[in-house]
Amino acid sequence: MEHNVLLDEKAIERSITRITHEILEKNQGSHDLCLIGIRTRGVFLAKRIQDKIREIEKKDLPLGILDITMYRDDVFKLKTPEVKKTDIAFNVNNAIIVLVDDVMYTGRTTRAAIDAIMDLGRPRKIQLAVLVDRGSRELPMHPDYTGILYPSGSEVEVFVKLREVDGTDEVLLAAAS
Amino acid sequence: MKWDHKDLLTIRDLSREEIILLLDTAESFKEVSRREIKKVPTLRGKTIITLFYEPSTRTRVSFEIAAKRLSADTINISVSTSSAVKGETLKDTGRNLESMRPDVIIIRHSVPGAPQMLSGVVRAAVVNAGDGAHEHPTQALLDLFTMRQKKQAIDGLKVAIVGDIAHSRVARSNIFALSKFDTEITCCGPPTMLPPYLEELGVKVEYHLEEAVRDKDVIMMLRIQKERGGISYIPSTKEYSSMYSLKEAHLKEARKDVIIMHPGPINRGVEISDEVADGPYSVILDQVENGVAVRMAVLFSLLGGES
């Protein structure tokens, strides 16, 4: 299969650095900020943002892991019904939560994630950071922080690879099979 | 891995990998029960019927809580309030319930194979919550879950199952489940309560409790199945308890970190002493807690996914 590189290692690094600064700028620092990564790759992106904030602000933000399977609207169509662990150890009440995902597309994952967080409490704000925004929304959702905007429909597949799970940092494009 | 079971009738139907998938899924569902709001929308709009022809406290409540925490609607039918007392057959009951379009029917019945037969007449997923002395698959799953939780791994465990093995569906399901892992199983009880096929299943047989518990990681105590005639296989309960009641002194022979399991209901002083049932090695109440998570995983796996 033919792959085109949308973001290479350097570009991903720069995107995460910029997103981190935007998060701190928009929230005027890191007070009450909490990060929640959506499984699988959103978790590693959230960890990288956490690392950068530690460098800049000398502060460790709470980091949660969210599996949205229990909240999916297509749960009855899954090939393998598998639920992975959700681990959010901090109190979400009154927190400013930055939700982190690798790719935003239809908006359905975001909807599920927001519902999942709302079941845990009442955060003051939920913001969304994504590495790639593909557009083609099916729900009225919009990210607050975007690595790259790449409007594309179902004819294209976007693969985010991160060194923590895939051994390499890159975002690839391929024609949908 | 693809999951393509319509029903959960026996633990024998499941592969080792499928059992691990269910246990991993249960691990994820455990968190829901610890929340302030103990509910997720996963099975919204699904209807689950529990159809119990035998008494039950734990299993029925556990299934109902599991279903409710997944937002399914539950209806409970117990035999004393059902048309079965008016002479309706199980098949007819099944067909009538099917007409009301349930998604899952959880059945407990004294006749082995009853869930299998029900499965043949309904489109709904059927879960066996115990059929006679045959199987009790969700009990075996929650027992394996508890063993894995306490011992980190199932492979390598030495397990003693003590009591009325011949009439126990819990023993059978556990033997079938543990045999899919690298475990050593020893069954212990009076000879009249040990079925002849145990050795064929690769299970060791031991008549003395002191010997059976030696070096074991897990000791699973079972009650005498009075409703299946268990009592007629022994001279007296008193004699039975003098030989097969687990007491603190026995535990010295077992591994230092042994866990004591019991599917309940326990008969204090008969198969287990108070000091063991309530002691530091007992995981009996952990089993009950884990039962909810395991049953959530079972319901989710049967309903979630392509049918």
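**View 1. H1(B) passes H5(B) in a right-handed crossing.** In this predicted model, the residues that make the contact are B:Ile19, B:Leu22, B:Leu23 and B:Ala26 on the H1(B) side, with B:Leu141, B:Leu144, B:Phe145 and B:Arg148 on the H5(B) side. Sorted by type, the contact has seven nonpolar residues, one charged and no polar.

**View 2. The axes of H1(B) and H5(B) cross at roughly 70°.** Those two axes come within 10 Å. Angles of 65 to 115 degrees count as roughly perpendicular, so that is the label for H1(B) against H5(B).

**View 3. Helix H5 of chain B, end to end, covers residues 137–151.**

**View 4. H5(B) is mostly covered.** Of its 15 residues, twelve are buried; among them are B:Pro137, B:Thr138, B:Gln139, B:Asp143 and B:Met147. B:Leu141, B:Leu144, B:Phe145 and B:Arg148, which we met in the contact with H1(B), are on the buried list too.

**View 5. What do the buried residues of H5(B) pack against?** Three helices of chain B are there, namely H1 (16–33), H6 (169–179) and H10 (284–303). Strands join in as well: E4 (125–131), E8 (218–221) and E9 (259–261), also of chain B.

How values were computed
Residues numbered from 1 in each chain as written. Chains lettered and ligands numbered in written order. Predicted model: local features only at pLDDT ≥ 70, side-chain atom pairs only at ≥ 80, totals over all residues. Helix = DSSP H or I, 4+ residues; strand = E, 2+ residues; numbered from the N terminus. Expected span 1.5 Å × (residues − 1). Buried ≥ 20, exposed ≤ 12 C-beta atoms within 10 Å, placed from the backbone. Contact = placed C-beta atoms within 7 Å. Axes fitted to C-alpha atoms, helices over the stretch in contact; angles between N-to-C directions. Parallel < 35°, antiparallel > 145°, perpendicular 65-115°, else oblique. Left-handed = near helix turned anticlockwise from the far one by under 90°. Nonpolar A, V, L, I, M, F, W, Y, C, P; charged D, E, K, R; others polar.
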